[in-house]
Amino acid sequence: MPDASQSLPRQLDVVIVGGGLAGLYAIHRLRKLGLRVRAYEAGSGVGGTWFWNRYPGARCDVESLEYSYSFDEQLQQDWKWPERYGTQPEILKYINHVADRFDLRRDVQLNTRIESAVFDGKANEWVVRTDGGEEIHARYCVMAAGNLSTPRVPDFKGLKDFKGKWYHSGLWPHEGVDFSGLRVGVIGTGSSGVQMIPIIAQQARHLTVFQRTANFSLPARNTPMPEEKERRHKAEYPARRAAAMETPFAIGGHPKPTSSALAVDKVERDAAYEAKWQEGGSISYLYAYTDLLVNKESNDTAAEFVRNKIRATVKDPKTAELLAPKDHPIGTKRLCLDTNYYETYNRPNVALVDVRSDPIDSITATGLQLGSGTAFELDAIVFATGFDAMTGALNEIDVRTSDGAVLRDHWMGGPLTYLGLMVAGFPNMFIVTGPGSPGVKTQMIASIEQHVDWIADAIEHLGKHQLDRIEPTPGAETDWVHHVNQVADSTLYPLANSWYMGANIPGKPRVFMPYVGGFDRYKKHCDAVAAQGYRGFTLSRHETVAA
Ligand code: NAP
């Protein structure tokens, strides 16, 4: 990778934090406005999530024809996705292709972590410092640092004494890991664990899975990309993208459900679930009926169908029962997609250990020990234990203003944003797919494009009107947070201890963070806010010190 730091202009119009899908699109979009932009990326390559998460089996759970940029028709026509769901290497290859194709690399500075961002009210600019001691001044700051980008290893005592090797799914060694002949322990059964467990099981001498919460997982039914499907999709790409924008998940191709799960009898319902199960994919399943995410009784029918599939697949009844989730409605934690996940527990070299009833006490020199004293000898431990989601990346940066506002303090009781895009008291700082945005509940790239377009339009609007500062009013922020919570409370989502709630991090405030009112509603709302002269924002002009 070329080191672009030599050509770094210290004075920018927009400083972008992150060189993943969001940061790259922000460069492209904001450059078109004639702005001087530059993204700072901690990794040694672009790609964000897809750069870091290289664990075995890492693959997107949104279909590849959907999970891609829509901003350039020729790009979407040219790129060939080899499989129904993109693998991590394939998606990373795509992102690198985009970086080259649109000449984005010259404005990405790799191997650079942003340590602080301070808004200087007098100069009306952000002063951003890197871990290399560089200082960047910019009128606007775009935080494109990701939602699931702060890997979290639980604070188990003894980890430093472990004589084997340990890994986190989100910090996977680039050279890969060979588990052949090893006794491996995987801790965590979220999307990452569910994807890697079947692959590690094939390699390892023995695999022990330490499960705290059983998760619902559906078969992905991955296949090589059928040529005819690709041809049809590409023939209608713009229309399909437009249709996806009109859906809650920003994912097209799934007819909207029309009836409640309780409006039909069990035979008809189970036939519908079976069809969805055979089709593969999570949106498809949750779209079986209108009320699966809002009515517990309806949800129970969909959940029980999957539990019965697990019972039918896993031969040992005790293991099957442990794998069958009973403590949260289906879909309220991220629904996993897998290839042979439940089947893997039928292998003689795989064991499941319930660490809800007997939690992990410590890591030892030779393995792992539970509270009861039961010990496991392990050569390698994999933490598929998730991330400090949604707020972790921003809270790692010292974000403050010359007026004394500190983002970590502002968010002490849970993140506060207006539209998930901006924070009161932090002018000219935009967040891409932050808390309060629907990002993580959607096809993420669609949300990224929508957010970045909205941000670019706002910056353009300011310029056209000789304005140079935008910030949400505290009232608008309060109202939005209230709305986000109200919408969440009208669904079943808050019934799960999920990372959406910050529940996976001890001590993190329990606040439901994503907006679950749907991408379609959200986009219309953002468009209306802009059309009404940026309702809820204060737009102003500030003479800079230099001026
Ligand atoms: P996750 O969903 O947060 O799962 C973490 C797992 O680790 C959970 O099973 C959790 O149990 C367990 N865990 C955490 N601390 C533990 C402890 N102290 N003891 C025992 N178990 C512990 O993390 P993830 O699997 O990395 O996925 C995060 C998100 O990334 C997903 O929800 C998804 O949005 C995204 N993702 C997507 C894909 C895909 O597209 N296919 C793949 C991977 C990730 P509890 O549930 O009890 O907390």
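**Ground rules**

I am working with a predicted model, in which local features need pLDDT of at least 70 and side-chain atom pairs count only at pLDDT 80 or more, while totals for chains, interfaces and linings use all residues. I number residues from 1 along each chain as its sequence is written, and side-chain values use heavy atoms, with hydrogens and water left out.

**Whole chain**

I looked up the secondary structure and found 17 helices and 22 strands. Helices (H or I, at least four residues) and strands (E, at least two) are DSSP runs, numbered from the N terminus. The radius of gyration is 24 Å, close to the 24 Å that the globule rule gives for 547 residues, so the chain is as compact as a globular protein of that length. That radius is taken over C-alpha atoms, and the rule is 2.2 Å times the number of residues to the power 0.38. Along the principal axes, the C-alpha atoms fill a box of roughly 75 × 55 × 45 Å.

I then checked burial: 59% of the 547 residues are buried. Buried means under 20% relative accessible area, exposed over 50%, and partly exposed in between (1.4 Å probe, protein chains only). The accessible surface comes to about 21,900 Å², and 51% of it belongs to carbon and sulfur atoms. I note that the areas come from the Shrake-Rupley method with a 1.4 Å probe, and that for residues only the protein chains shown count as cover.

For contacts (heavy atoms within 4.5 Å), I took those between residues at least 6 apart in sequence; 72% of them join residues at least 24 apart.

**Thr 150**

I found Thr 150 in the loop between β8 (135-143) and β9 (165-168). Thr 150 counts as buried because its relative accessibility is 8%. Its side chain reaches the backbone nitrogen of Ala 393 at 3.1 Å. Leaving aside neighbours within four places in sequence, Thr 150 is in contact with several residues, among them Gly 386, Phe 387 and Glu 396.

**Thr 417**

I located Thr 417 in the loop between α14 (407-410) and β20 (429-431). Its relative accessible area is 2%, so Thr 417 is buried. The side chain of Thr 417 reaches the backbone nitrogen of Gly 420 at 3.0 Å and the backbone oxygen of Pro 435 at 2.9 Å. Not counting residues up to four places away in sequence, I list Trp 411, Trp 480 and Val 481 among those that Thr 417 touches.

**Gly 45**

I placed Gly 45 in the loop between β2 (37-40) and α2 (49-52). With a relative accessible area of 3%, Gly 45 is buried. From Gly 45 to Ile 197 I noted 152 residues in sequence and 27 Å in space, C-alpha to C-alpha.

**Positive phi**

I looked up backbone angles next. Most residues other than glycine have a negative phi. Asp 103 has a positive phi, near 50 degrees. Asp 103 lies in the loop between α4 (88-101) and β5 (108-109), and at 39% relative accessibility it counts as partly exposed.

Ala 250 also has a positive phi, near 60 degrees. I found Ala 250 in the loop between α7 (237-245) and α8 (266-279). Ala 250 counts as buried, since its relative accessibility is 1%.

Terms used
A polar contact is a pair of N or O atoms within 3.5 Å; within protein, one must be able to donate a hydrogen and the other to accept it, and residues adjacent in sequence count only if both atoms are side-chain atoms.
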